[in-house]
Amino acid sequence: MIYEACVGSYQEAIEAAKRGASRIELCANLLEGGTTPSYGTIIKTRRDVRLPIMVIIRPRGGNFCFNEDEVEIMIEDIKQCKEIGVDGVVIGALKENEIDVKTIKTLVEIAKPLSMTFHMAFDELTDPFKGIDILKGLGINRILTTGKNENALKGKELIKEFIEYANNEIIIMPGKGITTKNREELIGFLQINEVHGTKIV
């Protein structure tokens, strides 16, 4: 099982590792849904945490529709992450309620060969099944989702549909509201081996 701990600081990453996390999603500003952490935070976390580290690439809170300047910022952040030696990046961009294919394609090309997760912008898609097909085609490794609901527990029926539709060709990783107390129930229901959350360990 991979327990991916979503953390908002270096110290939280250290604590999650001690509690048995399998992988870290490193963010800043979790109250904003997560934004790209500082260069120093990424370097020190990479140096001190002996776990795979995924860094969120998101220049600001708010919506997921990014302009050209913001895309340039994300490109530079991905380049820095590659230099530091993180294991992957967490990306996402929309145009209205569809995937911004041009932007994601650009970010994927820059990020290769890192592991890539498409974040919870996925839950805003009008047609998530079409989204699964697009992201699979673009080379994204996994999709983080609540099942278009308040949390993954409430969205578990739709998440199960996503998993069946994805047919093991892209990982569907549930997140939000999953804790040490309820994670096993969800894992059993969905028959998965990756879960994500701020209280996953």
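Tutor: Gladly! Let's begin with residue classes: Ala, Val, Leu, Ile, Met, Phe, Trp, Tyr, Cys and Pro count as nonpolar, Asp, Glu, Lys and Arg as charged, and the others, Gly among them, as polar. By that scheme, the lining of the second largest pocket divides into seven nonpolar, four polar and one charged. This is a predicted model, where local features need pLDDT of at least 70, side-chain atom pairs count only at pLDDT 80 or more, and totals for chains, interfaces and linings use all residues. Residues are numbered from 1 along each chain as its sequence is written, and side-chain values use heavy atoms, leaving out hydrogens and water.

Student: Which residues of the largest pocket lie nearest its centre?

Tutor: A pocket is an open set of points on a 1 Å grid over the protein atoms alone, where a 1.4 Å probe fits, with protein on both sides within 12 Å along at least five of seven lines; lining residues have an atom within 4 Å of a point. Here, C6, G33, M120, K176 and H196 lie nearest the centre, out of 24 lining residues. Those 24 comprise nine nonpolar, eight polar and seven charged.

Student: What is I104 in contact with, beyond its neighbours within four places in sequence?

Tutor: Contact means heavy atoms within 4.5 Å. Leaving those neighbours aside, I104 is in contact with I91, G92, A93, I99, F118, L138 and I140.
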